[in-house]
Amino acid sequence: MSEPAPKPAPKPEPDRAPVAAPARRHTPMLEVTGMSAWYGEARVLTDVSIEVAPGEVVTLVGRNGAGKTTLLRAVMGLHRQLQGSVVLDGVELTRASADRRARAGLGWVPDDRGIYASLTVAENLLLPPVVHDDAWSLERVYDFFPVLHERRDFPGTKLSGGEQQMLAMARVLRMGSRLLLLDEPSEGLAPVVVERIGEIIRAITAAGVGVLLVEQNVRFASTVADRHYLLAQGRVELHVAGEEFRARESELLTHLGM
Amino acid sequence: MSEFIQYTLQGLAAGGFYALSALGLAVIFGVLGVVNFSHGACYMLGAVISAVLLAELDLGFWPALLIVPVVMFCFGVLMERLLVRWLLALDPLYNFLLTFGLTLVLVEAVKMRYGVSGLPYEVPAGLGGQVTLGSVSLSTYAIFACVFSVVVCVAVGLLITRTRIGMIVRAATEAPERTRALGINVGRWVTPVFGFGIALAGLAGVLAAPTRAITAEMGSNFIIILFAVVVIGGLGSILGAVVAGFLVGLVEAYGIAYAPAYAQIVIFVMMALVVLVRPSGLFGREEIA
């Protein structure tokens, strides 16, 4: 690929001490408090509280069925059987509809990428309303993702998996989302494309956008994340900083049964 | 040969009624997930209102062509606001039953007021004659109905493919939940889209009024064929609705001309064949089937 290299994202605090419950860097942008969720009778999340600060990448790590995707859907307002609160930039969103949450700054990037087959690549980008002054212009999106410019008149689903992933991320950046909810962005992608996704995540967080990332690919998660919440059976088992996670990776993963 | 061309034109004119109505059915199904059983009754209302406008207010075909879609749009808005909306969260079957019941109410109401014998209507002045091309003479009105339907279908097609509203309708049709999660208030579009779909059925009714018997029951057979159109075209496919509409109109016209005993069956045989080869219809997407 011949895209211009994204600016390397300087991490403002490279020497944070690894602690069991790492201190947040700023006032949190996203605060999820006491979240419990059910599917019918089955409880899939129990009293989960997480925070994401501006410019921070926070992952949810856990086995299949640990409740990671449900948590993202609950934050986005797509899951109904729910307790607990969601606050973004001080705005209470607990009772808000999904479309209001999106306009408040949550950027949904679902695990199937959610690209519309009946819309062209350009239309996929232009569909969501622009909700923030920092929203990327279409020119900036095309500059950053030249392949989307080349394919702009193609149906969205004619793109490769990696290109669809980039389109899904570009779509919420053009919208001006302040906090991206990324569900398994590396899934099914070649290592070189996964690396590129990592570069993109670093570039967008450098601009102050927060990322809440669900990942099965722990290696990838550990290269991009500042902090990790380890989920098991719908609970936060552990909350660790990136450095500590990297140091104790195999022990922690064994603990989670991954 | 000249007969064949006449049958073709008749088929395309009837196909235009199907195409317009099926287009309305398709956008309603796409955005609301509602199979509107009352679509045939709305087509009937379109024709009945045209006849009433003529009888009571002396307003002929041309004013009706404008007034009826507006009236039917308002009727659709009321129907969605007062009835359909409350069942949207439930199984789609509930709205199917609701619109089925509404069909019975509308048909019986028209029967009570206007009887069963049919209301008089005329081909509009200037379109009553025949156009002669060589040895073939064709009904001017059939040509008009055909061209008009195609123009409206193309206009709706452009609305859906070239405008922001159309983009939102396509997105909401494909994935309503995801479209909400991308910041679009899909609910805001539900009422106008429903009204628009009903208006298209009403427009088909106006177009049919000069050539068909205007009775309370005229929608009953129509809706059954309309469902065949939608299945052949692919449920939720807008292009499919239009193409299948004209196709069914043609097949029906040839059937009536060359095999009158089998005219009705032919359409459903065609439907069965299409479903055998392509279960999601000619233009349907797999995930919708």
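## How confident is the prediction?

Chain A of this predicted model has a mean pLDDT of 86, with 90% of its residues reaching 70 or more. One stretch of chain A needs some caution: across residues 7-20, pLDDT stays under 50. For that stretch the model has 24 contacts beyond four places in sequence.

Chain B comes with a mean pLDDT of 89, and 98% of its residues reach 70 or more. What about the scores for the model? They are ipTM 0.83 and pTM 0.80.

## A pair of helices in chain A

Let's start with helix α6 (residues 161-175) and helix α7 (residues 191-206), both of chain A. Their axes are 10 Å apart, and the two pack at an angle of about 10°. Angles under 35 degrees count as roughly parallel, so α6(A) is roughly parallel to α7(A).

Which residues do the touching? On the α6(A) side you'll find A:G162, A:Q165, A:M166, A:M169 and A:L173. They meet A:V193, A:R196, A:I197, A:I200, A:I201 and A:I204 of α7(A). Sort the residues of this contact by class and you get 8 nonpolar, 2 polar and 1 charged.

## Helices α2 and α4 of chain B

Now over to chain B, where helix α2 covers residues 39-57 and helix α4 covers residues 92-114. The axes of these two come within 10 Å and cross at roughly 25°. That angle makes α2(B) roughly parallel to α4(B), and the crossing of the pair is left-handed.

From α2(B), the residues in contact are B:A41, B:M44, B:L45, B:V48, B:V52 and B:E56. Facing them in α4(B) are B:T103, B:L106, B:V107, B:V110, B:R113 and B:Y114. How does this contact split by class? It has 9 nonpolar, 1 polar and 2 charged residues.

## Helices α9 and α10 of chain B

Further along chain B come helix α9 (residues 218-233) and helix α10 (residues 238-258). Their axes come within 8 Å and cross at roughly 125°. Are they parallel or oblique? With that angle, α9(B) is oblique to α10(B). The crossing of α9(B) and α10(B) is right-handed.

Here α9(B) brings B:I225, B:V229, B:I232 and B:G233 to the contact. Their partners in α10(B) are B:G240, B:A241, B:A244, B:G245, B:V248 and B:E252. By class, that's 6 nonpolar, 3 polar and 1 charged residues.

## What the UniProt record says about chain B

An unreviewed UniProt entry lists "transmembrane region" for residues 12-32, 61-79, 86-107, 141-160, 189-210, 222-248 and 255-277 of chain B. How do some of these look in the model?

Take residues 61-79 of chain B: the span is 100% helix and 0% strand, and its end C-alpha atoms lie 26 Å apart. Residues 141-160 of chain B are also 100% helix and 0% strand.

Note on methods:
Residues are numbered from 1 along each chain as its sequence is written. Chains are lettered from A and ligands numbered from 1 in the order in which they are written. This is a predicted model: local features need pLDDT of at least 70, side-chain atom pairs count only at pLDDT 80 or more; totals for chains, interfaces and linings use all residues. Side-chain values use heavy atoms; hydrogens and water are left out. pLDDT is the predictor's confidence in each residue, from 0 to 100. Contact means heavy atoms within 4.5 Å. Axes are lines fitted to C-alpha atoms, for helices over the stretch in contact, and angles run from 0 to 180 degrees between N-to-C directions. Helices (H or I, at least four residues) and strands (E, at least two) are DSSP runs, numbered from the N terminus. Angles under 35 degrees count as roughly parallel, over 145 as roughly antiparallel, 65 to 115 as roughly perpendicular and the rest as oblique. A crossing is left-handed if the near helix is turned anticlockwise from the far one by less than a right angle, and right-handed if clockwise. Ala, Val, Leu, Ile, Met, Phe, Trp, Tyr, Cys and Pro count as nonpolar, Asp, Glu, Lys and Arg as charged, and the others, Gly among them, as polar. UniProt positions are given in the numbering used here, feature names are shortened, and annotations may be inferred rather than shown by experiment.
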